[in-house]
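Q: Please take me through reading a structure of this kind, one feature at a time.

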Amino acid sequence: MPAYLDNAATTPMRAESVEAMLPYLTERFGNPSGAHAVSREARKALDDARQTVADCLGARPGEIVFTGGGTEADNLAILGGAAVRPGPTVCSAVEHHAVLHACDAAGDNRLAPVDEAGVVDLDALAGLLGPSVSVVSVMLANNEVGTIEPLADVVALVRELAPAAVVHTDAVQAFPWLDVASLAASADLVAVSAHKFGGPKGVGALVVRQGVTVRPIIHGGGQERDRRSGTHNLAGIVAMAAAMRATVDGREAEVVRVRGLRDRLADGLVAVVPGCVETVDRSKKIAGNCHVSFDGVESEELLVLLDAAGVYASAGSACASGAVDPSHVLAAMGMPRQRALGSLRLSLGRTTTDADVDLALATIPPAVERLRAG
Ligand code: PLP
C-alpha cells in the first residue's frame, strides 16, 4: 500500500460527506433560490448546512458566506474588504498565494516579516499598522511548515493601531487540527476550505462577522445576502457541513493520534538520516505537519524517488520556468537557499496509519543516501 502523505494539499472525502452529498446530486436537485416545493426542500438543506457550518466555526448562520473554495474565500475577504475601506493592506510574509496575490491585486500591500519559525513578528507588524490600513491578514496555521500564528495578539494590535481595519484569517490549514471557533473568535473574517478536512473540492466558506461589510467580487443574482452571487453548490455545501461536523466531533482524538504518528515519523528521520533537521519546533505547529530538510539533497529529485516507491509528499520549493526557487515561506523564515531546496513536507491526516509511517521511514533514508552518493 502506498503512503499518501500530502494531506495539506488535499484529503480524501469522508464517508459521511459522500453520503450526505449523494441525494443532492440526484433526487434532491433543487435550486434553493426558487419558490416551489423542490426548491423549498433544497432551501431547508441549505439552511441546515449553514447552521452546522456556523456552529462549527463559532459564528451565526447569517455570518456564513458559502464560496467556491478557500481561494475564493480569501479573495472575497481581501478584495471585498479593501474595496469598502480604501487604504493599504497588511499581511504576513508566509501567507498562501490566495492571500498574498489578492493583497497585491488590492493595491498597496505591506508584508509583515516572520521569525525563523515562521511566526509573525508582532513588533514589525505594529510598525506597519496605522489609521489608513484597510485589511490585515494573518493565517491561523501555515500550509507549508505548519506554524500556528498568534492571531489573538494580531487582532489586539490591529484594534489598537489600525482601528479602521478588518482582520482576516486564513484558517484553511488550521481547521482539521485547531479549535478555529475559539482561536479565530476575534477575527472579522475567517476562511475555510472543505477539501482540506474530508469534504469535496471547490467549496468553502467565509465568516463575515455581523457589522463587517465586504463588497462582492462575484456579481449576479444576489445569493448569500448579496455577498456571493451564483446558484448554490448545494451538494458541495451539504457535504462540507457533514465533513465539518465529523471533523469537529473527532478532532481532539485525531490530534492526539496523528501527533503520535507525526512524532514517530519526525523522530525516525532525524535519528536515521544525518543532516536531517526539522524546520519548526513541534510545539509551535499543527499535529499533521512534518517538515524537514536534508543537507546536500534536492527535494525535487527526492520526490521522484519517493513517488516511485509509493510515498506521496511535496517539497518546499516551487519550480517556475525551469528554475527551482525556494518557497516564499522558507525564504521569509530566513532559511538558507541550499537547505530550503532540500526540504520535504510530509503532511499527515485522518487516513494516515502506522503502516504509512513505516513505509516513509523505510523509503526516505535510503533515497536520501542514494541522492547524496550521486
Ligand atoms: N489557503 C491555504 C492556507 C491553503 O493551504 C489553501 C490550499 O492549498 C488555500 C488557501 C486555497 O484553498 P482552495 O484549494 O480551496 O482554493
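Predicted model: local features only at pLDDT ≥ 70, side-chain atom pairs only at ≥ 80, totals over all residues.

Q: Into which domains is the protein divided?

A: There are two entries to read: domain 1, covering 3–9 + 251–373, and domain 2, covering 15–247. Their C-alpha centres are 28 Å apart. Domain 1 puts 26 residues into the contact and domain 2 puts in 29 residues.

Q: What is the area buried between domain 1 and domain 2?

A: The figure is about 2,200 Å², with carbon and sulfur atoms giving 56% of it. On the domain 1 side, the residues that lose the most area to domain 2 are Arg251, Ile286 and His328, which together make up 34% of what that side buries.

Q: How many salt bridges are counted between domain 1 and domain 2?

A: Side chains of opposite charge can pair when their charged atoms come close. Between these two domains the count is one salt bridge. Arg251 forms a salt bridge with Asp179, and the closest N and O atoms of the pair are 3.8 Å apart. Arg251 is also one of the residues named above for losing the most area to domain 2.

Q: What does the count of salt bridges come to by this rule?

A: The count is 19 salt bridges. One of them joins Arg28 and Glu41, with the closest N and O atoms 4.0 Å apart. This pair links distant parts of the chain, 13 residues apart: Arg28 sits in the loop between helix H1 (15–25) and helix H2 (37–57), while Glu41 sits in helix H2.

Q: Which residues around the ligand come nearest?

A: Of the 13 residues around the ligand, the nearest are Thr71, Asp170, Gln173, Ser193 and Lys196. For Thr71, a polar side-chain atom lies 2.6 Å from a ligand oxygen atom. Gln173 has a polar side-chain atom 2.7 Å from an oxygen atom of the ligand. In Ser193, a side-chain N or O atom is 2.6 Å from an oxygen atom of the ligand.

How values were computed:
Residues numbered from 1 in each chain as written. Heavy atoms only, no water. Domains from an automatic or database assignment. Contact = heavy atoms within 4.5 Å. Buried area = accessible area lost by both parts, 1.4 Å probe. Salt bridge = Lys/Arg side-chain N within 4 Å of Asp/Glu carboxyl O. Near = heavy atom within 4 Å. Polar contact = N/O pair within 3.5 Å; in protein donor to acceptor, adjacent residues only side chain to side chain. Helix = DSSP H or I, 4+ residues; strand = E, 2+ residues; numbered from the N terminus.
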